[in-house]
Amino acid sequence: FVFITHKDNPVESLTAEQVQAIYTGEITNWKELGGDDCEIRAFQREENSGSQTTMENLVMRGKPMLPSNVVNVIEGMGLLVETVGEYENSPLSIGYTFRYYIDTLYKNENIKVLRINGIEPSDENLRSGVYPFATHYFGVIRKGDEDQIGGKFLGWILSEEGQRCIRQAGYYPLYE
């Protein structure tokens, strides 16, 4: 889960607390973060989208976000990436997305990914859990179902071919 801004924004890294402060309205100017003296245009996703739920649970951790009539709510991940990259052709904007969206589906040369707590969301940092906003997915079956469809699928997912498919889909496999 990454935060993106316009490529010309001089800010390169935010702390987790600064991200929370932006989205609660405590920080409203990039100057407070070492950037230019201009208003932060924070974009968020529509209620109940996967990225909005992740933002609320993984990043905000119970802190209330600004209501949608105060921030810019974007429907659709591609539109969010495009809006942050193209917003008035300036470095005012910030938004969030899953890294695989900007790596595979919605590439945009006008955005950059911000480091969090000085840590970039590299493959290694995501896989190791050093990057603070990494999410994990688990495959679980009932005991005794190893030879049933779910168990066979789980076995395939853990195979080399399954791990290659996970990588192809933009996720990070257990091993490569």
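What follows is a set of questions and answers on the terms applied to this predicted model.

Q: Why is R99 called buried?
A: Buried means under 20% relative accessible area, with exposed being over 50% and partly exposed in between (1.4 Å probe, protein chains only). R99 has a relative accessible area of 17%, so R99 is buried.

Q: What makes the pairing of R99 and D123 a polar contact?
A: A polar contact is a pair of N or O atoms within 3.5 Å, where within protein one must be able to donate a hydrogen and the other to accept it, and residues adjacent in sequence count only if both atoms are side-chain atoms. The side chains of R99 and D123 are joined at 2.8 Å, and the side chain of R99 also makes a polar contact of 2.8 Å with that of Y172.

Q: Which residues does R99 contact beyond its neighbours within four places in sequence?
A: With contact meaning heavy atoms within 4.5 Å, R99 touches V2, P121, S122, D123, L126 and Y172.

Q: What makes a set of residues a nonpolar core?
A: The set must consist of buried Ala, Val, Leu, Ile, Met, Phe, Trp, Tyr and Cys residues joined through side-chain atoms within 4.5 Å. The largest such core here has 35 residues, among them Y23 and M55, which are listed with those touching the most other members.

Residues are numbered from 1 along each chain as its sequence is written. Local features need pLDDT of at least 70 and side-chain atom pairs count only at pLDDT 80 or more, while totals for chains, interfaces and linings use all residues, and side-chain values use heavy atoms, with hydrogens and water left out.

Q: How many of the residues in the protein are buried?
A: Buried residues make up 44% of the 176 residues.
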